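Here is a short report for a first look. Please view the structure, then read on.

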Amino acid sequence: MNITVTDIRGRWFKENLNVGTMIAGRQDQTNNGILEKYCLYDQPDCCTTYGGLYQWKEMMQYTNQQGIQGICPPGWHLPTDEECKALEGSVDSQYGIGDPEWDLTDWNGYDVAVNLKTTTGWNFNGNGNDRFGYSAKPSGERNTGGGLFSNNGYNMFWWTSTEFNINWANALYR
């Protein structure tokens with residue numbers, strides 16, 4: 001399954017989700033019937049720029065079923081780890097789909113991140129070429145310790161719907 005520019009524009013969101021009600025970063029998101037999100041540094045404007053930040057369980061809507069709709073709009077679903085590996089293998093110039101490179105759990109690939117990142121906004125000459133129009137932004141992260149936001153301008157974290165173990169899920173991290 002090779003992914004084309006058309007596939008990325010039609011099958012993958014071109015921007016991060018920004019749905020839900022903002023809660024303070026020091027609070028955990030809970031299964032309370034309200035879709036909750038964090039905004040980087042507890043600033044609502046950051047959600048407008050980068051999208052909301054979500055804990056895995058909230059994003060999954062408190063199930064562990066791979067490929068579930070979760071917080072996505074109707075007709076969309078949260079990608080599985082295998083779908084993310086296919087995306088990575090399709091846009092990387094060195095490692096194709098099915099390469100064992102994509103089974104690694106940390107920084108992997110040759111230029112997948114560069115090909116998906118925006119051409120501006122990344123610190124330390126980390127801008128991409130946005131070759132596929134994906135326009136990934138350096139949204140940073142909320143640390144699991146609760147309330148600390150970090151790495152804006154340096155990285156992005158996208159959850160997959162594939163649970164790695166009871167405490168962790170697979171993620172794209174660039």
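The text below covers the fold, the confidence and the cysteines.

**Fold and confidence**

This is a predicted model. The protein chain holds five helices and six strands. From the N terminus, their order is α-β-β-α-α-α-α-β-β-β-β. Of the 174 residues in the protein chain, 45% are buried. The accessible surface of the chain is about 9400 Å². Carbon and sulfur atoms account for 48% of that surface. Take the contacts between residues at least 6 apart in sequence: 45% of them join residues at least 24 apart.

The mean pLDDT of the protein chain is 87. A score of at least 70 is reached by 88% of the residues. Two elements mark the ends of the range of mean pLDDT among the elements:

| Element | Residues | Mean pLDDT |
|---|---|---|
| helix H1 (lowest) | residues 5–11 | 57 |
| strand E1 (highest) | residues 21–22 | 98 |

**Cysteines**

The structure has one disulfide. Cys39 and Cys47 form it, with sulfur atoms 2.0 Å apart. The link between Cys39 and Cys47 is left-handed, at -110 degrees about the S-S bond. Cys39 and Cys47 are both buried.

A disulfide needs the sulfur atoms within 2.5 Å. Cys46 has a relative accessible area of 16%, so Cys46 is buried. Cys84 also counts as buried, because its relative accessibility is 3%. The cut-off for buried is under 20%.

Key: Residues are numbered from 1 along each chain as its sequence is written. This is a predicted model: local features need pLDDT of at least 70, side-chain atom pairs count only at pLDDT 80 or more; totals for chains, interfaces and linings use all residues. Side-chain values use heavy atoms; hydrogens and water are left out. Helices (H or I, at least four residues) and strands (E, at least two) are DSSP runs, numbered from the N terminus. Buried means under 20% relative accessible area, exposed over 50%, partly exposed in between (1.4 Å probe, protein chains only). Contact means heavy atoms within 4.5 Å. Accessible areas come from the Shrake-Rupley method with a 1.4 Å probe; for residues, only the protein chains shown count as cover. pLDDT is the predictor's confidence in each residue, from 0 to 100.
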